[in-house]
Amino acid sequence: MPAARPAGPEPPTAAGLPTAAELAGYVVAAAVWAPSVHNTQPWWFSASGREISLYADAGRQLPVADPRGREMMISCGAALFTARLALRSLGYIPETSVLPDLRQPLLVARMGWRRRAAATEFEQRLFRQVLLRRTHRGGFDPLPLAPELLTTLEESARRDGAILRVIADEGSRATLAAVTETAEHALRADGMYARELASWAPAPGGTRRDGVPHTAYPARGERTLPHFASRDFAHGHGWGTARPSLAAGLRCPGVVCLLGTAGDRPVDWVNAGQALQRALLTGATCGVAAALHSQPLERARLREFIRAQLGDGSYPQLLLRLGTVVQAAVSVRRPPASVLFADGGEHLSIGRR
Ligand SMILES: Cc1cc2nc3c(=O)[nH]c(=O)nc-3n(C[C@H](O)[C@H](O)[C@H](O)COP(=O)(O)O)c2cc1C
């Protein structure tokens, strides 16, 4: 569980059905809590009548780590899933078109709502995790996860057009750990990449509402066997949180999973993001946290190696480790009002802070 519960959407309370504007505010206040690469929050929303459009914010793309915008679109897909879930939590049936195409590459999706059906108990449980879920960075407790949960995660990824595979054999897990370590070394040695990461990992004491704060990662990385290297958010400053002493020593890497898609177009990336958020929230309902690793997928040759050697031919989009752990991470988000534009208004990308 996170140390502090962030402020989230307040359900519309007025008698009767909420207005379209109230509903859009509620949906966006939830959607901003989706995970995003380096917490770039690369999205903005436009509301017009009973429709919300979700756009990728190219000004928040990572030109060095993510030149194609793949991780930006995965992040937007996670926000899209969260927005759909928020509509469901109020008893609306979202009508969604996932759109990015050559004519409008930054228009990720449009969501409308007309019909109603009460949210299921499971949808309500998923929705309650939107604010509570946090990315974990480190090892896990040595407890096995229920096989039924893993089967559910695999099945539900398919609903979003993605493929989640549990990598169970020791050889493949060791290979993925080694590839992650190789990527992490290469990225740390790349000056442009290191500067880009540093620009999204602010120093303690600031007021930024984006990027990865020092409260979200441990000051001392934990070793797991095999070891999955973490990103260097502190870049030599010693920032980060202290771990409780009982967490010291060698810990478990958890259940290693590869999230992939059959194709590798923007629409596949958005679908991977939707599947990611569905899997993260489903795990969270069972007290299961996730550590995410995209370092090897940011190096084209390592990504191709994973696809050829460890995949089933699908395109790897994200590496996940799942497990149970006492979590202390705290993250930040920009206020929903800064990313929601009414009546078809447009966002001008003029800098990110
Ligand atoms: C596409 C994508 C790639 C990510 N890659 C990493 C990663 O390599 N290492 C990491 O620690 N977190 C990674 N994350 C997690 C983000 O850093 C995290 O979602 C963000 O900081 C917000 O924090 P929260 O998930 O706790 O809300 C990734 C998230 C996404 C959506």
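Which residues does Pro296 touch, not counting residues up to four places away in sequence? They are Val179, Thr180, Ala183, Leu302, Arg303 and Ile306. Touching, or contact, means heavy atoms within 4.5 Å. Pro296 lies in the loop between β7 (289-293) and α8 (300-309). Pro296 counts as buried because its relative accessibility is 1%. Buried means under 20% relative accessible area, exposed means over 50%, and partly exposed is in between (1.4 Å probe, protein chains only). The C-alpha atoms of Pro296 and Arg158 are separated by 23 Å, and the two residues are 138 residues apart along the chain.

This is a predicted model, in which local features need pLDDT of at least 70, side-chain atom pairs count only at pLDDT 80 or more, and totals for chains, interfaces and linings use all residues. Residues are numbered from 1 along each chain as its sequence is written, and side-chain values use heavy atoms, with hydrogens and water left out.

Now the whole chain. It has eight helices and nine strands. Helices (H or I, at least four residues) and strands (E, at least two) are DSSP runs, numbered from the N terminus. The radius of gyration is 19 Å, close to the 20 Å that the globule rule gives for 353 residues, so the chain is as compact as a globular protein of that length. That radius is taken over C-alpha atoms, and the globule rule is 2.2 Å times the number of residues to the power 0.38. The C-alpha trace spans about 55 × 45 × 40 Å along its principal axes. Of the 353 residues, 54% count as buried. Among contacts between residues at least 6 apart in sequence, 78% join residues at least 24 apart.

Next, the interior. In soluble globular proteins, nonpolar side chains tend to be buried together. Here the largest nonpolar core has 62 residues. Such a core is a set of buried Ala, Val, Leu, Ile, Met, Phe, Trp, Tyr and Cys residues joined through side-chain atoms within 4.5 Å. Trp43, Phe45, Val108, Leu259, Leu320 and Leu322 touch the most other members. Helix α2 (residues 70-89) supplies the largest share of this core, twelve residues. Another core, of 14 residues, lies apart from it; among its members are Ala65, Trp200, Val212 and Trp239.

Take Leu259 from the largest core. Not counting residues up to four places away in sequence, Leu259 touches Ala162, Ile163 and Leu164, and also Ala272, Ala275 and Leu276.

Trp269 is found in helix α7. Trp269 counts as buried because its relative accessibility is 3%. Trp269 and Gln317 are 48 residues apart in sequence, yet 7.4 Å apart in space, C-alpha to C-alpha.

How do the axes of helix α3 (residues 121-128) and helix α7 (residues 266-285) cross, at what angle? They come within 8 Å and cross at roughly 95 degrees. That makes α3 roughly perpendicular to α7. Axes are lines fitted to C-alpha atoms, for helices over the stretch in contact, and angles run from 0 to 180 degrees between N-to-C directions. Angles under 35 degrees count as roughly parallel, over 145 as roughly antiparallel, 65 to 115 as roughly perpendicular and the rest as oblique. Phe122, Arg125 and Leu126 of α3 meet Leu281, Thr282 and Thr285 of α7. By class, this contact has three nonpolar, two polar and one charged residues. Ala, Val, Leu, Ile, Met, Phe, Trp, Tyr, Cys and Pro count as nonpolar, Asp, Glu, Lys and Arg as charged, and the others, Gly among them, as polar.

The loops hold some details. Ala118 sits in the loop between β4 (107-116) and α3. Ala118 is exposed, with a relative accessible area of 68%. Ala118 and Gly91 are 27 residues apart in sequence and 4.5 Å apart in space, C-alpha to C-alpha. Gln41 is in the loop between α1 (20-31) and β1 (43-48). Its phi is near 50 degrees, a positive value in a residue other than glycine. Gln41 counts as buried, at 1% relative accessibility.

The loop between α6 (191-199) and β6 (255-261) contains Pro226. A cis peptide bond joins Leu225 and Pro226, with omega about -5 degrees. His235 lies in the loop between α6 and β6. Phi of His235 is near 30 degrees, a positive value in a residue other than glycine. His235 counts as partly exposed, at 28% relative accessibility.
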